[in-house]
Amino acid sequence: MSTSGRKPSSELLETPTQNFYMIASHLYHRELSRVWQCRPACVLRCLMSLVLLTLVSVPSSRAADDKFWALSPYRVHLKIALHGETQPEGRLAETIATKISRRTEATLMPLWDLKVELASPTERRALANELPDFTWEEIPEELKRFDKLQTLIVVAQPGGYLLRCREYDVYARRWGKPVTRQVRQRSMLPEQAFQMLTEAFSPLATIETIPKDDTKVRLIFRGSELPYRSDTESVPLVKPDQVFLPVLRRTDRTGELVPNGILPIPWTYLSTTEPDATEWRAKVFTGARRPFGTRRRGTVQKLAIGLRQPAEATEVRFYARRSKDQPLPGYEVFLRDDEKETSDSLGVTDANGIVSVPPGEKPVTMLFLRSDSQLLAKIPVAPGVTPLLEAPIADDPVRLRAQAELTEIREQLIDLVARRAIYMARIRAKLKAGEVKQAQDIMADLNDLPGRSFFDRIIKAAQRGSSSEDPAIQKRIDKLFSDTQTLLVKFLDSRPITELQSEVTAASKGG
């Protein structure tokens with residue numbers, strides 16, 4: 001199927017008149033089946049309604065954008081490269097191309113507007129050993145009018161075929177994750193190739209926030225209002241628990257993408273929920289406070305890109321924000337389940353600050369990083385989406401040094417409290433036995449123990465050397481010292497010792 005004559009895919013909308021008639025056409029075909037189900041008396045009213053649909057004025061700009069998006073198919077370009085086939089290569093390649101086109105027409109029309117092209121000898125040589133990895137600037141102008149550029153490489157091997165596929169999203173200017181598969185039977189090549197194309201495909205959706213609900217968003221998928229087969233319940237190639245990456249797509253006034261105009265929303269994933277009768281929704285997993293902001297600008301589109309998620313683990317490396325070469329070893333890591341309101345320990349980071357997150361029951365999980373009972377970070381992780389995820393943490397040697405010094409001070413405090421308790425118990429035992437002189441000697445040892453003023457001095461000295469340029473770090477350091485001062489007040493109260501001294505004095509006078 002050819003898509004010649006269309007405008008570049010960077011322009012979502014064609015002329016308003018063309019879009020208007022496109023909408024009217026789709027509404028006509030969707031409503032036509034309802035007309036013939038009506039009783040004869042209702043047919044005229046239904047036909048009049050269809051006429052009114054073609055006469056109604058174009059809706060508001062925002063509603064029109066959403067409508068055009070939901071009625072726009074994906075313009076997909078597929079290039080097939082065949083290597084190592086003993087029989088005439090063109091015959092097998094043409095067979096695969098023909099059957100893929102038929103399968104697309106049978107299952108994905110009108111969502112996919114597909115054009116299949118066989119690789120030239122020069123292109124086959126370039127794709128002989130590796131998948132494509134071109135940039136936007138290297139794409140020929142005739143291919144920039146498509147939305148998806150898929151490349152399928154078929155390599156004949158002893159005992160079967162090696163299939164490799166990769167997709168470049170022109171609209172989002174982003175490479176998808178490669179798909180690789182081994183096929184033994186020649187007759188299964190076209191079907192397996194078609195399945196790989198759908199697996200490598202990344203659906204796109206615009207994001208709409210839901211008022212007073214920060215945990216979910218509404219997704220409007222491209223082509224979601226196109227007419228599908230009767231046995232298709234929702235948008236093809238979209239399923240529940242599918243992971244999406246939210247990005248901001250910035251364009252200028254002419255609709256052209258600005259330089260560096262695709263910006264992923266940091267530390268945020270979306271996971272689709274079960275669709276209802278009218279729309280798809282997705283749960284938001286984020287480590288940011290307000291990932292989608294508050295204001296909506298006309299030149300910024302909130303876009304969700306579908307991600308492949310193989311059943312693999314993802315390694316997360318934590319390092320100090322001020323230096324990527326400084327890992328954070330020995331930190332506690334927990335998996336948080338917000339629905340059950342529980343946290344399960346995943347272990348501690350290794351010497352390189354790395355912890356491995358295995359696949360779980362849910363596509364996305366929240367990872368909590370904790371040190372000395374302090375929550376340092378929470379980040380979403382989608383195991384399998386990426387092999388390595390690096391997370392800079394607001395942490396530096398100043399806080400670590402302050403934490404180590406305060407830990408030593410607390411250990412001294414625990415030792416002092418224990419010694420005080422032992423001395424006081426012995427003194428009371430001596431007084432009870434009438435051994436006043438021995439009670440006085442132990443009381444003197446008790447008074448020689450360090451008091452609160454001693455700990456106040458060493459804490460203030462440590463605090464003077466614990467200042468950080470990072471306000472978040474300094475806030476945590478101040479809390480460490482504040483908590484230690486609270487312990488001093490609680491466990492170094494001088495009142496029990498004063499009361500015990502009065503008992504010893506009274507006993508000595510009475511003796």
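**View A. Arg222 lies over the face of Tyr74, 5.6 Å from the ring centre.** A charge sits over a ring if NZ of Lys or CZ of Arg is within 6 Å of the ring centre and within 35 degrees of the ring normal. This is a predicted model: local features need pLDDT of at least 70, side-chain atom pairs count only at pLDDT 80 or more, and totals for chains, interfaces and linings use all residues. Residues are numbered from 1 along each chain as its sequence is written, and side-chain values use heavy atoms, with hydrogens and water left out. In another such contact, the charged end of Arg173 sits over the ring of Trp136, 3.6 Å from its centre.

**View B. Aromatic pairs: the structure holds nine.** Rings of Phe, Tyr and Trp (its six-membered ring) pair if their centres lie within 6.5 Å; planes under 30 degrees apart count as stacked, over 60 as edge-to-face and the rest as tilted. Trp69 and Tyr171 have ring centres 5.6 Å apart and planes at 50°, so this pair is tilted. Trp69 lies in helix H3 (residues 61–70) and Tyr171 in the loop between strands E4 (160–169) and E5 (174–175), so the pair ties together parts 102 residues apart in sequence. Helices (H or I, at least four residues) and strands (E, at least two) are DSSP runs, numbered from the N terminus. Trp69 is buried, at 1% relative accessible area. Buried means under 20%, exposed over 50%, partly exposed in between (1.4 Å probe, protein chains only). Tyr171 is buried too, at 3%.

**View C. Tyr74, Trp112 and Phe201 form one aromatic cluster.** Tyr74 and Phe201 are both buried. Their ring centres are 4.9 Å apart and their planes at 90°, so the pair is edge-to-face. Tyr74 is in strand E1 (residues 74–83), while Phe201 is in the loop between helix H6 (189–200) and strand E7 (204–210), 127 residues away.

**View D. Strand E18 (residues 365–371) is largely enclosed by the rest of the structure, because six of its seven residues are buried.** Strands pair if DSSP finds at least two bridges between them. E18 pairs with strand E15 (residues 332–337) in the antiparallel sense over five bridges. Here Leu369 of E18 is the bridge partner of Val333. E18 also pairs with strand E19 (residues 374–381), again antiparallel, over seven bridges. Pro380 in E19 is the bridge partner of Met366.
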